[in-house]
Amino acid sequence: VARRYGDHIRDWEVWNEPPNFTGKDQTPADYAKIVISSHDAAKAADPDCLVGLAAKSSHINYLEQVIKAGAKGHYDYIVLHPYEVLDGIGNHAGTEAIYMNIVPVVRKMLAAQDPAKVDVPVIFTELGCEAKKGDAVQAHALVKAYVMGIAQGVACIHWFEGMDGDSGPMGLLQRNGTPRPSYTAMGT
């Protein structure tokens with residue numbers, strides 16, 4: 001796949017939100033095996049591609065277990081989806097300090113477990129807030145997510161999602177294409 005699509009796709013995330021959607025008995029060591037084989041095969045096919053090590057939410061302990069189980073050195077960036085932490089910000093529950101510490105905690109863990117990778121990019125490939133909490137709440141959460149993400153060193157944030165889909169009212173646009181305040185906030 002990396003060879004075939006290398007002219008069009010450079011970044012490859014290994015699994016979406018592990019350990020979600022895995023067997024009930026699968027472990028971080030099982031994911032480490034997938035990461036190692038994916039990394040090695042992708043790099044053999046396209047040495048310039050980048051391979052991402054992923055975890056659901058902001059489960060840094062899971063990432064640490066995967067690295068300890070053998071994935072050390074077999075990734076080029078870290079992928080997280082910290083929806084739950086952002087929900088606390090949107091709901092004014094005071095989770096700003098937790099959100100602001102995601103990248104620093106990843107860096108601390110990497111310094112201890114894989115020092116050569118301590119400065120890899122940390123990317124939020126999914127982050128969002130449901131509009132059913134209120135359009136203003138979603139827009140507020142979006143602004144905080146990006147400003148605080150940039151401040152802590154998140155390399156890239158992908159808002160989930162552009163337009164409402166099957167995941168509910170998460171989009172910057174309603175299903176009929178009508179912009180929400182979060183769309184304006186993103187543009188600003």
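**Notebook: strands, cysteines and a surface patch**

I started with β2 and strand β3 (residues 77–80), which pair in the parallel sense over three bridges. Pairing here takes at least two DSSP bridges between the strands. The strands (E, at least two residues) and helices (H or I, at least four) are DSSP runs, numbered from the N terminus. In β3, I found tyrosine 77 as the bridge partner of glycine 52. From β2 the chain crosses through helix α3 (residues 60–71) to β3, in a right-handed β-α-β crossover. Right-handed means that, with the strands pointing away from the viewer, the path from the first strand over the helix to the second runs clockwise.

A note on the source: this is a predicted model, where local features need pLDDT of at least 70 and side-chain atom pairs count only at pLDDT 80 or more, while totals for chains, interfaces and linings use all residues. Residues are numbered from 1 along each chain as its sequence is written, and side-chain values use heavy atoms, with hydrogens and water left out.

Next I looked at the other neighbour of β2. Strand β1 (residues 11–14) pairs with β2 in the parallel sense, over four bridges. Leucine 50 in β2 is the bridge partner of aspartate 11. β1, helix α2 (residues 28–45) and β2 make a right-handed β-α-β unit.

How covered is strand β2? I get four of the five residues in β2 (residues 50–54) as buried. Buried is under 20% relative accessible area, exposed is over 50%, and partly exposed is in between (1.4 Å probe, protein chains only).

Then the cysteines. I count zero disulfides in the structure, a disulfide being a pair of cysteine sulfur atoms within 2.5 Å. For cysteine 49, the nearest cysteine sulfur is that of cysteine 156, 18 Å away. Cysteine 49 is buried, because its relative accessibility is 0%.

On the surface I noted a nonpolar patch of Val1, Tyr5 and Ile9, with about 270 Å² of accessible area together. Tyrosine 5 sits in helix α1 (residues 2–5) and is partly exposed, at 33% relative accessible area.

Last, glutamate 126 in strand β4 (residues 122–127). Glutamate 126 counts as buried, since its relative accessibility is 16%. Glutamate 17 is 109 residues from glutamate 126 in sequence, yet the C-alpha to C-alpha distance is 9.8 Å.

Conventions: Patches are made of residues with over 30% relative accessible area and no salt bridge: like charges are joined within 9 Å, nonpolar side chains (Val, Leu, Ile, Met, Phe, Trp, Tyr) within 5 Å. Accessible areas come from the Shrake-Rupley method with a 1.4 Å probe; for residues, only the protein chains shown count as cover. A salt bridge is a side-chain nitrogen of Lys or Arg within 4 Å of a carboxyl oxygen of Asp or Glu.
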